[in-house]
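Let's take a friendly look at one protein model and the spaces on its surface. Keep the 3D view open as you read.

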Amino acid sequence: MSLLKTIDVNPSQAPRESGPLPERLISGNPTYKTWAQDVARADTVHTGVWEATPGETRSIKGETFEFCHILSGLVELTPEGGEPVVYKAGDSFVMKPGFVGVWKTIETVRKIYVTVT
């Protein structure tokens, strides 16, 4: 097993398709595509590429730490009780455990993600 993993930002395999949980949907009809690419440390670390079409949902991280690097598109994240922050292609950010807020996809977004639970 190699200890080096290159993330394929344009994967050729079929993604897992999904959508938001109904109780988290705020507006729109967003759809999600996930290209999971690696799992490590007893299934607690996940990496891959994720894409979402426009819409607005409630983001609740719970105990999950998530690093994101935006490849394309435009999103606005508004932490509960905070001000909106806009992220675009080339931007990176972290949502720490306990994060609660609104994820608004303005233009279809594609990101690299790393989650740790």
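## What counts as a pocket

A pocket here is an open set of grid points with protein on both sides within 12 Å along at least five of seven lines. Its volume is the space filled by probe spheres set on the points. Keep in mind that the model you are viewing is predicted.

## The second largest pocket

With that in hand, the second largest pocket holds about 270 Å³ of space. Eleven residues line it, and Ser-2, Leu-3, Lys-5, Asp-38 and Ala-40 are the closest to its centre. By class, this lining has seven nonpolar, two polar and two charged residues.

## The largest pocket

Now turn to the largest pocket, where you will find about 700 Å³ of space. Its lining is made of 23 residues, and those closest to the centre are Tyr-32, Trp-50, Lys-61, Glu-66 and Lys-111. Several strands give two or more residues to this lining: S1 (16–18), S3 (32–40), S4 (45–52), S5 (55–60) and S9 (100–116).

How do the lining residues of the largest pocket divide by class? Eight are nonpolar, nine are polar and six are charged.

## The annotated domain

An unreviewed UniProt entry marks residues 40–113 as the domain "(S)-ureidoglycine aminohydrolase cupin". Across residues 40–113, the chain is 70% strand and 0% helix.

Methods:
Residues are numbered from 1 along each chain as its sequence is written. This is a predicted model: local features need pLDDT of at least 70, side-chain atom pairs count only at pLDDT 80 or more; totals for chains, interfaces and linings use all residues. Side-chain values use heavy atoms; hydrogens and water are left out. UniProt positions are given in the numbering used here, feature names are shortened, and annotations may be inferred rather than shown by experiment. Helices (H or I, at least four residues) and strands (E, at least two) are DSSP runs, numbered from the N terminus. On a 1 Å grid over the protein atoms alone, a cavity is a set of points where a 1.4 Å probe fits but cannot get out, and a pocket is an open set with protein on both sides within 12 Å along at least five of seven lines; lining residues have an atom within 4 Å of a point. Ala, Val, Leu, Ile, Met, Phe, Trp, Tyr, Cys and Pro count as nonpolar, Asp, Glu, Lys and Arg as charged, and the others, Gly among them, as polar.
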